[in-house]
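Here's a quick tour for anyone meeting this structure for the first time. Have a look at it, then read on.

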Amino acid sequence: MRPLLLCFEAIPDGRLRRSRCAQSFHTFPGIAPVTLALALIASPAFAATIEITIDKLVFSPANIQAKVGDTIEWTNKDVIAHTATVKGGWDVMIPAKSKGKITLKAAGTADYFCRFHPNMKGHVEVAP
């Protein structure tokens, strides 16, 4: 009797899909669960891009949740430049009719604002 060897492949939404391997392999009892466990542990997490629009001097959405490794991308629809600035932290320049982005490197919360228009405010919560 030939043992059934299962293979797993990553699909674009970050999940694993089980599939039957096309090749014949020699297997050893107990190796498959160990190999699967190592594959699941070593699988990279898929980072997301969170889009924020700036229109008429407003960040939208103003409050977001993200994870370490995610990217925030601001799209400025205004005809004037803006920034996304955290006091003592990051400062992203967002030119008029253009985009700016940052990849989040640490967990925590941050309130940000535009240096040119301090009434423009946003908040981000970053999970590990």
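Predicted model: local features only at pLDDT ≥ 70, side-chain atom pairs only at ≥ 80, totals over all residues.

## The overall picture

Walk along the sequence and you get the order β-β-α-β-β-β-β-β-β-β-β-β.

Of the 128 residues in the chain, 27% are buried. The chain exposes about 9,000 Å², with carbon and sulfur atoms supplying 59% of that area. As for contacts between residues at least 6 apart in sequence, 43% of them join residues at least 24 apart.

## Two salt bridges

The structure holds two salt bridges. One pairs Glu73 with Lys99, and their closest N and O atoms sit 3.8 Å apart. This pair ties together distant parts of the chain: Glu73 belongs to strand β6 and Lys99 to strand β9, 26 residues apart. Is Glu73 buried or exposed? Glu73 counts as buried because its relative accessible area is 17%, under the 20% cut-off. Lys99, at 48%, is partly exposed.

Asp91 and Arg115 form a salt bridge too, with 3.1 Å between the closest N and O atoms. Here as well, distant parts of the chain are linked: Asp91 is in strand β8, while Arg115 lies in the loop between β10 and β11, 24 residues apart. Asp91 is partly exposed at 42% relative accessible area, and Arg115 is partly exposed at 41%.

Which residues make the nonpolar surface patch of about 260 Å²? They are Leu57, Val79 and Ile80. Ile80 sits in the loop between β6 and β7, and with 36% relative accessibility it is partly exposed.

Definitions and conventions
Residues numbered from 1 in each chain as written. Heavy atoms only, no water. Patch = residues over 30% accessible without salt bridge, like charges linked within 9 Å, V, L, I, M, F, W, Y side chains within 5 Å. Areas by Shrake-Rupley, 256 points an atom, 1.4 Å probe, with all protein chains shown as cover. Salt bridge = Lys/Arg side-chain N within 4 Å of Asp/Glu carboxyl O. Helix = DSSP H or I, 4+ residues; strand = E, 2+ residues; numbered from the N terminus. Buried < 20%, exposed > 50% of the residue type's maximum accessible area, 1.4 Å probe, protein only. Contact = heavy atoms within 4.5 Å.
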